[in-house]
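Me: I'm new to reading protein structures. Could you walk me through this one, a feature at a time?

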Amino acid sequence: MAKTRNARSLTGPEYLALGEFRYQLRRFMRHMEEETRKMGANPQQYQLVLAVKGLPQDIVPTISRMAERMQLNHNSMVELVDRCEEQNLLRRTRLGADRRRVTLSIAPAGEALLRKLGVAARQELSEMGPALMDAILRLTKDARPAQDARLKPKAAKARTGALKIQPHK
């Protein structure tokens, strides 16, 4: 849950920005759900394959890690991984003697799904991305100076594109 440092009530324009952000985000998600279904795939399965592909290289794609990334409980994630395996989208690999520890990797069918849907995602974001960004900027404009002061110099430069922010471990 978010910290309440900036606990003041939202203004009318901020509610408008929050509503617009939610609308644009949901619009993008619905578009991707529809594109996924057109390809005969399940949207949640696509989201899991994308979550595995989108992990920083130093993070191991375990079931627990993916449950956190997708905000699902562990049992639901196990069921989703089972369905992805049945569709040949993901593979499980047991780590050593501890058969409970499992990593996930993307199978060729999962890679093909990502390639096709990645194009659809980029096209949709190129169209609606500016409205999404505008809503975020309008909603966070008062919070940015306080956040910038807390950022390390390296991360502050990253916001301007000079350096990349290091992924969380």
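Me: Which residues of α1 are buried?
Reply: Start with the general idea: an α-helix has 3.6 residues a turn, so residues three or four places apart point the same way. Here, the buried residues of α1 are E14, A17, Q24, F28, H31, M32, E33, E35 and T36. Helix α1 itself takes in residues 12-38 and reaches 39 Å from its first C-alpha to its last, close to the 39 Å expected. Just after α1, G40 has a positive phi of about 80°.

Me: How do α2 and α5 pack, and at what angle?
Reply: Two packed helices are described by the angle between their axes and the distance between the axes. For α2 and α5, the angle is about 95° and the axes are 10 Å apart. Angles of 65 to 115 degrees count as roughly perpendicular, and α2 and α5 are therefore roughly perpendicular to each other. On the α2 side, the contact is made by Y46, V49, L50 and K53, and on the α5 side by G110, E111, L113, L114 and L117. By class, this contact has six nonpolar, one polar and two charged residues.

Me: Where does pLDDT stay under 50?
Reply: That happens over residues 146-169. Where pLDDT is low, the predicted coordinates should not be read in detail. The chain averages 84, and 79% of the residues score at least 70.

Definitions and conventions:
Residues numbered from 1 in each chain as written. Predicted model: local features only at pLDDT ≥ 70, side-chain atom pairs only at ≥ 80, totals over all residues. Heavy atoms only, no water. Helix = DSSP H or I, 4+ residues; strand = E, 2+ residues; numbered from the N terminus. Expected span 1.5 Å × (residues − 1). Buried < 20%, exposed > 50% of the residue type's maximum accessible area, 1.4 Å probe, protein only. Axes fitted to C-alpha atoms, helices over the stretch in contact; angles between N-to-C directions. Parallel < 35°, antiparallel > 145°, perpendicular 65-115°, else oblique. Contact = heavy atoms within 4.5 Å. Nonpolar A, V, L, I, M, F, W, Y, C, P; charged D, E, K, R; others polar. pLDDT = per-residue confidence, 0-100.
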